[in-house]
Amino acid sequence: MSDAVVRIQGVAKVYQRDSQAVPVLENIDLEVAPGESVAMMGPSGSGKTTLLNLIAGIDRPTRGSVEVAGRALAGMSERELAKFRARHIGFIFQLYNLIPVLTAFENVELPLLLTSLSKADRRKHVMTALDVVGLTDRVAHYPRQLSGGQEQRVAIARAIVTDPTILLADEPTGDLDKRSEEEVLILLKRLNREFKKAIVMVTHDPKAAAMASRTVHLEKGELVPA
Amino acid sequence: MALPLKYNGRSLWVRSISTIMTILCIAGVTIILIWMIAMGTGLEKTLVGTGHPLNLIVLRPRQTETTSMIDRSQAADIAALEGIQKDTKGDPLASFELVAVAGHLMVNGKKSNLALRGIGPKSLELRDGLKLTDGRWPNPGLGELAAGKGAQGRFTNLKVGDRPFIRGRQWSVVGSFEAGGQAYESEVWGDIDDLKTQFKREYSTVIVRARDAASMDRIARLIGDDKRLQLEAKPHAEYYKSQNQSAEMMKGLGGMVGFVMAIGALFGAANMMYAAVASRKREIATLRVLGFGRLAIGFSFVLESAFVGLCGGILGAIVARIFIDGITSGTANWVTFTDLAFHFRVTPGLMAQGIFTAVFVGAVGGLLPAWRASRTTIAHALRGM
Amino acid sequence: MKFLRLIVRNALRNKLRTGLTVGGTAFLMFVLLFIRTALTEMEAWEGEAAKHDRIAIQHSSGLANPLPIELENFLRGDEVSKHGYQLQKMNWFGGWWQDPRNWFANLAVDHPIHRELWNEQKIPDDVQARWAEVKSGAIVGKALADKFGWKVNQKISLLSNLYPCVPELDIVGLFTVPSDIRQEQQLYFRWDYLDELMGGRKIVGTYWMNARSSADIPKLKEIIDGHTKNSSDPTETVTEKEFAAQFMAMMGNIKFFVYFIVVGVLAIMTLMTANTVAMSARERVTEIAVLRTLGFTKGRILYLVMAEGLLLSLVGMVIPLGGALLLFNVWKLSPNPQWFPFFFIAPGTIALAVGAALASGLLAAVVPATMSARRKIVDGLRQVV
């Protein structure tokens, strides 16, 4: 399908640790359709995060090709990749990774500072994103003043504020308590069903995987049938 | 129980870049501090310590050797005074001299004032520490000169065999002398009558050696009270010491600059130690749990910081000793306006001073961080954030 | 400047660390300002002199040697008058008032021509008239009079070690120098009065005159020095700037000394700031990786870290600069009023401070910034905070 959001063909990734070559991914073929949500599961060390990083353009494969939003990442320079990420990728980390010296508002605004939008326009987008995640009453709070669940929601708002082509989430609920976990998963589901955002989510949690429309399994760097 | 020093040593190694940078900062400050004091001390050494303790120098009141004027009969009267030491032949140990100033080209291409001294037969005896290193002393009537080592280093054309043109005639340098770093080394000596003729002046100075300290006082009073003579006698050493103004200013300036820089370095040391304490909160808590007391922990951090200061101080002192010690320079004697050569002296004492300051800076800089370390509550640190 | 907020907040993340760094560099920057100002103050006369076309005629063997009075006729003659005018005799008296530490510039000059030759000194008509009437009269710069608390009509006497006489002067009035307040630290009395005290011996220290234009100066040098070349008192004619530079040359290698300290201070400042920026960048490895994930380019990251270093340096510069300007330029204090009546921070020094802060900040941050920018995103994300 030519309109696949993500197309990965024959990808392998080998890390060089001192003089040792450590293979992490082998023979990966994967496609993600527009509006699809994919859960990636597998034991620790199976290469899930690495694969996610390749899709985000944070890392480059040793072999094979990665295409996102119709663009081949291989030919892009670091600078082009940066621009690409800003426009197309929304990344959600397990540990939220908000900038501690910025308020919730400013954190969400951060990706927009890379664009040429006016201050007023930026504000509009930020408030919209915060509204979607339900945190418009916490805009002036610093991350340390927020609960884990709230932090992650701010992180999600940051991930969607530029209206990216795809959301990538690395164990988004791994560090949350039960209730926050539910809130976040419902939010992600809403983003996928209502806002038609394609999502690739790495997770340990079968409950999280259940929210996705498709699950793939990674074991020792290879995709295995479910 | 005191903390094993191995603990502190290992911690320093791990944060090596930060530690090295702090050591370099402290070393830099030490070098500058030592340099400035070495300059002041070098200048001072030239002036303080010149002049035999029993010598008196007689001049017109308030005048220096370059502007004073004493005529023949006055000079003879002084030499005849009771209490002056006699030499082996029974002649009074008194010399009549003249100091004149002439602009002369320096080695660095600029011009400065060279001091020329007309000496007589007793001039050499009246001064300690003189050593002829080359050639001979000048003979009268031939326009011969002997140049001091300092003057030779600063000015052109003053080596043995040179024939410099000074004040309207050609002279010839027949000897070089050293004087143990005393002010004389910046002078050029010639026969008194040659200089009197060429510079059209009378004697400027009479130097006498008293028999003992009591005679010295008596002679000085006699001369000062004599209304006819209208001259003034001072201990020779004191005359030179009183010209020490440049050195005083340099030392004052050096102290001020060094002090301010030391404070800056202190801030740097404190910074480094605060970072150290912050990154080791867990360790400290663990040590507390193991039984090491607050004081022991605080003290070990102060020690660590002082050690960094010590390293910086030693490094700075050694660099200063290698590169600064022995450099010859010169400046104007602001009283006589003649050039005064001096050496930068980085003595072991000065090195120790620098090192001590560095250790002090390190220790004081580490005080507050050490206090903070000792206050680390066990629970707080073990919680991990 | 969208990222200014982020940069500032990051710098303030650890207020103690930032405070110590800024504080430390502030002290060092103060030293830099101080040392350079000492130099610019000493060179101040040269700068002012360049604005005029005055020349000085001095003995070629140096200022300590007097010039003959006969030269005056030649200098007033047709040959010289074609290129220069406003001739004045001037003797540096080198005196002090009451205490040798109270020394200042006191000079004996031809009074009639003084106002025109030194026209930047504003002498009121009535003062000039009184000066012509009272032979022992003296005019005093306002700043000097304020310093010693002298009033008009007060009698003061000067002691000197260059001249054996004691002038008893009547202060006939004050003068101001709006364009160059340093010149207000001077006192002028009459040359004919000094000559009378010295028994009419007509000793001339230097002759000064005004060239008709700067193009006439080389001609004047040629004519005057050529005329005296073969006499017993050959002259050296110099511009006022060259005259002033002589004293700097006598001082020694002050310039080199000052530059060495300036460079040393800069190096230490840079090290200190670099240490802090490095610590700060080390703590934000993950954060920077996250920014890269969001789409921040390497260049942007470089910019953010460099900007932080720059911010630290600039703040560390503004504080001492502001303080120094207040102390020295506004309140007109001086660290050593005897040697430095004024201690103004010159525009050049301000520029140096700003430039130094910029350079220091950039240099300090360049290594940590490059390392931060170059680090692979995945490596940064992998680090546990």
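1. Contact here means heavy atoms within 4.5 Å. By that criterion, and leaving aside neighbours within four places in sequence, C:Lys221 is in contact with C:Gly226, C:Thr237, C:Val238, C:Thr239 and C:Glu242. Note that this is a predicted model.

2. Where does C:Lys221 lie? It sits in helix α10 of chain C, residues 216-228. C:Asn253 is 32 residues away along the chain. The C-alpha atoms of C:Lys221 and C:Asn253 are 28 Å apart.

3. On to chain A. Helix α4 covers residues 119-133, 15 residues in total. From first C-alpha to last it reaches 21 Å. That is close to the 21 Å expected at 1.5 Å a residue.

4. Which residues of α4(A) are buried? They are A:Arg122, A:Val126, A:Ala129, A:Leu130, A:Val132 and A:Val133. These residues span an arc of only 155° around the axis, so they fall on the same side of α4(A). The cover over them includes α3 (104-109), α5 (148-160) and α6 (178-193) of chain A.

5. The face of α4(A) turned away from the buried side carries exposed residues: A:Ala120, A:Lys124 and A:Asp131. Just after the helix, A:Gly134 takes a positive phi of about 75°.

6. Now the chain pairs. Two pairs of chains touch, and the one with the most contacts is chains B and C. Chain A and chain B do not touch. Their nearest C-alpha atoms are 12 Å apart.

Notes
Residues are numbered from 1 along each chain as its sequence is written. Chains are lettered from A and ligands numbered from 1 in the order in which they are written. This is a predicted model: local features need pLDDT of at least 70, side-chain atom pairs count only at pLDDT 80 or more; totals for chains, interfaces and linings use all residues. Side-chain values use heavy atoms; hydrogens and water are left out. Helices (H or I, at least four residues) and strands (E, at least two) are DSSP runs, numbered from the N terminus. The expected span of a helix is 1.5 Å times one less than its number of residues. Buried means under 20% relative accessible area, exposed over 50%, partly exposed in between (1.4 Å probe, protein chains only). The arc is that of the directions from the helix axis to the C-beta atoms.
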